[in-house]
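Student: I have a new structure to read, and I would like to learn how to go about it. Could you take me through the features in turn?

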Amino acid sequence: MDVTRLARGLAINRISFGAGLILAPGLYARSWVGGDAAGEGSTKLLARALGARDLALGAGGLLALRDGDTARARRWFAAQGMTDAVDLAATLAARDIPLPARIFAAVMAAGSTAIAAAYVRSAG
């Protein structure tokens, strides 16, 4: 398995999802919090803020990989892994989110955490 290729894909996915959260927060938040909550103004506000976080984390990781700067890439992917682990814990703790959305978000967060951790470990 090429962990660097997986990390690159993770960064591109994070950029894409981050842009989606900024530009269409109700649509993109639906996969995480369910349809009812996704349309609320406060949810859209938080979705846009989360989108900016993901866009920045993804771009930082992707640029470090492009430049071949392993030390910098490790830091970006460590940050991604930490935020994804927190996302996973928060998603699992949120009992008021519809089960299909919780499962989808938990699987995505767990996978992203694993890929980021694998890259950090392999690049060290």
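Student: In what order do the elements of the protein run from the N terminus on?

Tutor: First, a caution: this is a predicted model. Now read along the chain. The elements run α-α-α-α-α-α. The protein has six helices and zero strands.

Student: How do I judge the overall shape? What radius of gyration does the protein have?

Tutor: Compare the value with what a compact globule of that length would have. For 124 residues, that is a radius of gyration near 14 Å. The protein has 14 Å, so the two agree. Along the principal axes, the C-alpha atoms fill roughly 45 × 25 × 20 Å.

Student: Which contacts tell me about the fold?

Tutor: Look at how far apart the partners sit in sequence. Take contacts between residues at least 6 apart in sequence: 66% of them join residues at least 24 apart.

Student: What share of the residues counts as buried?

Tutor: Of the 124 residues, 35% count as buried. Here is the general idea: in soluble globular proteins, nonpolar side chains tend to be buried together.

Student: Which residues make up the largest nonpolar core?

Tutor: There are 11 residues in this core, including Val-3, Leu-10, Ala-64, Phe-77 and Val-120. Helices H1 (3-23), H4 (41-67), H5 (70-93) and H6 (99-123) each give two or more residues to this core. H1 gives the largest share, four residues.

Student: Is Ala-38 buried or exposed?

Tutor: Check the relative accessibility. Under 20% means buried. Ala-38 is at 1%, so it counts as buried. Ala-38 lies in helix H3 (residues 35-38). Beyond neighbours within four places in sequence, its contacts include Gly-26, Val-33 and Lys-44. Ala-38 and Tyr-28 are 10 residues apart in sequence, and their C-alpha atoms are 8.1 Å apart in space.

Student: What about the outside? Which residues make a nonpolar surface patch?

Tutor: Leu-99, Ile-103 and Val-107 make one of about 290 Å². Take Val-107, which lies in helix H6. Its relative accessible area is 53%, so Val-107 is exposed.

Student: How much accessible surface does the protein have?

Tutor: About 6,700 Å². Carbon and sulfur atoms account for 66% of that surface.

Technical notes:
Residues numbered from 1 in each chain as written. Predicted model: local features only at pLDDT ≥ 70, side-chain atom pairs only at ≥ 80, totals over all residues. Heavy atoms only, no water. Core = buried A, V, L, I, M, F, W, Y, C linked by side-chain atoms within 4.5 Å. Buried < 20%, exposed > 50% of the residue type's maximum accessible area, 1.4 Å probe, protein only. Patch = residues over 30% accessible without salt bridge, like charges linked within 9 Å, V, L, I, M, F, W, Y side chains within 5 Å. Areas by Shrake-Rupley, 256 points an atom, 1.4 Å probe, with all protein chains shown as cover. Salt bridge = Lys/Arg side-chain N within 4 Å of Asp/Glu carboxyl O. Contact = heavy atoms within 4.5 Å. Rg over C-alpha atoms; globule rule 2.2 N^0.38 Å.
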